Structure formats: structure tokens, C-alpha cells
Amino acid sequence: MPEAPGDVVLYELYVRAFRDANGDGHGDLRGVIERLDHVASLGVDVLWLLPISPSPLRDDGYDVTDFRGVHPDFGSLDDLRALIDAAHARGLRVITDLVLNHTSDAHPWFQASRRREGGKDDWYVWTDDPTTYAGTRIIFTDSETSNWTFDELRGQYYWHRFFHHQPDLNYDHPDVRAEMLDVVRYWLEFGVDGFRLDAIPYLFEREGTINENLRETHAFLKELRALVDEVKPGAFLLGEVNQWPEDTLPYFGDGRDEIPYLFHFPVMPRLYRALAEGSVAGIRWILERTPPVPDGCSWVVFLRNHDELTLEMVTEEERTLMYAAYAPEPRMRLNVGIRRRLAPLLGFDRARIELMHALLMTLPGAPILYYGDELGLGDDIHLPDRHGVRTPMPWNDGPQAGFSDHPVPYLPPVDHPLGGYRSVNVAAQERDPGSLLHWVRALVRLRRRLAPIGRGRFSLLDAGDDRLCVFVHDARDAGAGQVVAVHNLAAEPVALDLEVGGGHRWRRVLAGRSEGPDEVEGGSLPVRLDAHGYAWWSSEAAP
Ligand code: BGC
């Protein structure tokens, strides 16, 4: 079968946090090169780098001051070129974060705009009346009380969907659109393999709307796609659209003219809800509400990322449940979400960590791993904002976790008995064949070997028992058989015979806390799962 968009597996890392090669306390591009074999060893295809351009780093680089450069703490353009070459040599593509919606307030464009200089008067969204666009939600609810901030120098308010130091660009201005398209061209010609497009629903504003997902935004993204197709056809574009599935779907366009990969935000919190409740109900609800994607496109799914675990796309009731189950202390919460890493969210419980990965790898869509989660790294909830989930990657149990030779790195490595670098680090897990790291590697490899996943027709099977989440990937049309992935969401054993249709020979290709034979004939799978157990079955022969 040909490569399909759902085959891809991604790895997300923050350059500042990964490995400090020059000993200045900040991770850098040379450091990523040094540790690229670790990334490649996970069997991933696409490496997504958080923003690397010059920035005061008040929002970890999502506050850009020069769209065409590399932050000096992270290295140089030559280092980036070397990283891309080293990645390509290992079969990895490199995509960078592209922050289209806004800049830092320290960006020379904003400084010119507030002074009404250099023809940049209207490059940002200014008003005398801060009741303009009143129907727009605030995203960073813990730090901002309005989407407008008064600028003393210009004597007007400027619009910002995120921090007040991140003014939104005015996409109604043709020069802004042309400039940002030129930035896209610049990086593609430089050699990056694509972009993770940050915060794209918010590019345009129109009075009387919620200022998200506007027609004008789609028109611009289509222009961007046309440019990408001209400069670098096949470049990898991943859009950050934190919306309900029906509002996200239009960003795929007709499948060829907008963004081919989009995060599926709302399914993520429902995986956690499913574990808390021991029931598939929430997963079923959101997947039933998820329309099929156009050919050539794919959802991108994740368990955690560099932000808070967002609870924007859930009901009030679900939010209450999630906070109670996963963020009992107020300092674990941020904005509308939970600022914790995967392993602490799951109580450092190996069974539940495995189960969540097994679900991730069999959801419809391309999965992302977030650096450190392959080890079960902990977090630091005493650090402000989202810093607690952006701490140094622990390479060993030496000083600064082997991340840096500097005595005071940009943030201290997590150091507590559960999930701290003294016990959770790459070197220790490399030595231990039973470690989570080895397990995650094997899981990714298995997913890649099972052709139906990511390509076959996906369905959620009703097992007649809501404690079970059963995903089916059916590629019999293409002669590639089926995969049935059975997951026990409950903290108690489940036993039943699962009807999957007759006439097959099934092989159990993955088992965790699961009893029973490795092969069965016929249309019924013997499900014998302990608490949080899982078993994947594959039938390669078409019946
Ligand atoms: C990124 C955040 C960032 C925000 C503003 C987001 O969606 O993921 O980390 O703070 O955009 O750029």
C-alpha cells in the first residue's frame, strides 16, 4: 500500500530544553543534533521544533522579534541547516513552529506601528474603542482580562488574542499578508520540511463575530497553501486549530487546497476522562461527532504537549470531572486547563501510561510524542505558567541530568522521587530492557508495521461493555487485513468474547495485562484483560 498521511508519527521538542551543547545553560540546535539518534530510535518520521526565532522568550519563542532568524541562544542558521541535514540522513523531516497570528511587542514592526512610522501604522489592529469585537473570548484567562491593551505612545488600544505583549498582526493589510507569505517562502527555500502553524483560527477580525474561523482566514490559508505547493510541494503542514471537529474540518479545505494535518484537540481530554470513569462513553461521543477527513489529509492526535492540557473543548460537567480527577490542587491548573505532564497525570502508573499510549497509537490519525513522555518524566508544578512541563530532558543521573555543563541551566531538571532525573533518565532506561523507553519504541515500530492503522477504515466497535474501548482499522479493501485494538479502561478485570466477524485467523500482536492464546481462528476474540490491560489483534489475510 502507498504511504498514507495517517502513517506518520511525530516527535515534539523544545530546543531550549533538549540538550545544551555549548554549555551556556540553554538547549541549542547543536544539542539536538547530538541527540538526534535518540529521536530517530523512537521510529518517528517528523520532528517538530517549538519556535526557534529571535524572541525575548516571554512566551518561549511564540513572541517573535525576527521571523527570518534563529535565536542566538539556540544557535545560528548554519546550525539549523546542519540539523536538517543530520535529520534527513536519519530519515527524519524537520518542521518548525510558524507564529502567523502575532509578534512580540518588541518586534521592530510593532515599535514602528506604535510610532506610526515606516508605513507600518496599520500592521497591527488598533482602536480608540476597546468595546470593539466584544464577542471574542479570552484565551489566557489567568493572565489577561481583555483582548485590548492601551499603548501610551500611540494613544490607542491594540488587539491581542494571547499575552498583552503579543500584538496580533492585521491580516487585512495586504503588506502584512505579503510579508508573512514571504516568511513561508524564505523557510521553505532555506530547507525546512514544513511548519506547525500556530494559532491559525484567529488571523482576521470582523465585528459581530467571535473572530475565529472566519472566511477571510480560510482564504489566506489557501493562499499560503498555494505558495507552499509552488515552492515545496509535499511540505508538511500541521495546523493548530483548537476547535470542535465540525469547525476544524474546513481547515482541510477540499483536501488539496488548505492544511493537510490538523490536531484533533477535543478527543484528547476524553481519553483522560475515559480512564477516570472507566468508560468509553466520552470517546464514543466525540468520535461520533468527528466527520471523515478528505483523502490525503489526517488528524494528528496527542496525549500531552508543551501547553496546558486544554479543557476548552469539553462540557462544563467534563471540566469539573477532569479538574477533580487530574488537578486537585489549584496550582496544577492554568487558564482553562491542567499544566501537568503525562506521567504525573497518571500517577506514574505504568499500566495506565501504557494504556494511554496504546489508545494514542490506534486512534484515527497521526500520533505525536512529546519529549520526555517516552520516559515517564515528571513535572514541576512550582514553576510558573507552562514552564513546569518544559524542563530539561534528563539524559542521565549526573549533574543537570546530563542536559548541560552549566551549573545553572535555564530551568532546573525535575528532581523529585517520582519522575525526577535521578531515576527517570535516558541512560537508565537504555540499560533496562523493561523500561518505558524500550516499550514505547517497540510500540511505535509495531504501529508502523501494522498497515491497516492509519490507512484502513476506522471504527469504534461496540463491545457491549462500556469498560472496553475497541478500535478497528479495516484495510481489507486494499488486501491488508484488519487490526482490532482492545483496551480495558477500567481498574478491574474484564472478560468477554468479542464478536469481530467470521472467517479470520487472528494473531495477538500486542498484549499487556492480557491472558489467553496468541492466535485464534474464527470471528470471536477471547478478551481476558486485567485492570487497564490491552490487546491488539491483527488479521492479515483478507477473508
Ligand atoms: C502555543 C502556545 C502559545 C500561543 C501563543 C499557542 O497555541 O501552543 O504555547 O503560547 O500559541 O502563540
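Here is a friendly conversation about some helices and loop residues in a predicted model.

User: What should I know before we start?

Analyst: This is a predicted model, where local features need pLDDT of at least 70 and side-chain atom pairs count only at pLDDT 80 or more, while totals for chains, interfaces and linings use all residues. Residues are numbered from 1 along each chain as its sequence is written, and side-chain values use heavy atoms, leaving out hydrogens and water.

User: How do you know that the length of helix α7 agrees with its number of residues?

Analyst: Helices here are DSSP runs of H or I with at least four residues, strands are runs of E with at least two, and both are numbered from the N terminus. The expected span of a helix is 1.5 Å times one less than its number of residues. Helix α7 covers residues 215–231, so its 17 residues should span 24 Å, and its end C-alpha atoms, 25 Å apart, agree with that.

User: Which residues of α7 are buried, and what covers them?

Analyst: Buried means under 20% relative accessible area, exposed means over 50%, and partly exposed lies in between, using a 1.4 Å probe and protein chains only. The buried residues of α7 include F220, L221, L224 and V228. Their cover includes α6 (174–190), β7 (194–198) and β8 (236–239).

User: Why is α9 called roughly perpendicular to α11?

Analyst: Helix α9 (residues 267–277) and helix α11 (residues 316–326) pack at about 65°, and their axes are 10 Å apart. Angles of 65 to 115 degrees count as roughly perpendicular, under 35 as roughly parallel, over 145 as roughly antiparallel, and the rest as oblique. That makes α9 roughly perpendicular to α11. The axes are lines fitted to C-alpha atoms, for helices over the stretch in contact, with angles from 0 to 180 degrees between N-to-C directions.

User: Which residues make that contact, and of what class are they?

Analyst: Contact means heavy atoms within 4.5 Å. On α9 the contact residues include P269, Y272 and L275, and on α11 they include L321, M322 and Y326. By class, the contact of α9 with α11 has 8 nonpolar, no polar and 4 charged residues. Ala, Val, Leu, Ile, Met, Phe, Trp, Tyr, Cys and Pro count as nonpolar, Asp, Glu, Lys and Arg as charged, and the others, Gly among them, as polar.

User: What makes α9 mostly covered?

Analyst: In α9, 9 of its 11 residues are buried, among them V267, M268 and L271. Just after α9, G278 has a positive phi of about 65°.

User: Why is Q400 called buried, and why is D385 called partly exposed?

Analyst: Q400 has 18% relative accessibility, so it counts as buried. D385, at 23%, counts as partly exposed. Both residues have a place in the loop between β13 (366–370) and α14 (426–431).

User: How do you know whether H107 is buried or exposed?

Analyst: Its relative accessibility is 3%, so H107 counts as buried. H107 is found in the loop between β3 (93–99) and α5 (108–114). Leaving aside neighbours within four places in sequence, H107 is in contact with V64, T65, D66, F67 and Y124.

User: What about V336: where is it, and how exposed is it?

Analyst: V336 is in the loop between α11 and β12 (337–338). With a relative accessible area of 22%, V336 is partly exposed. Beyond neighbours within four places in sequence, its contacts include T141, L309 and Y323.
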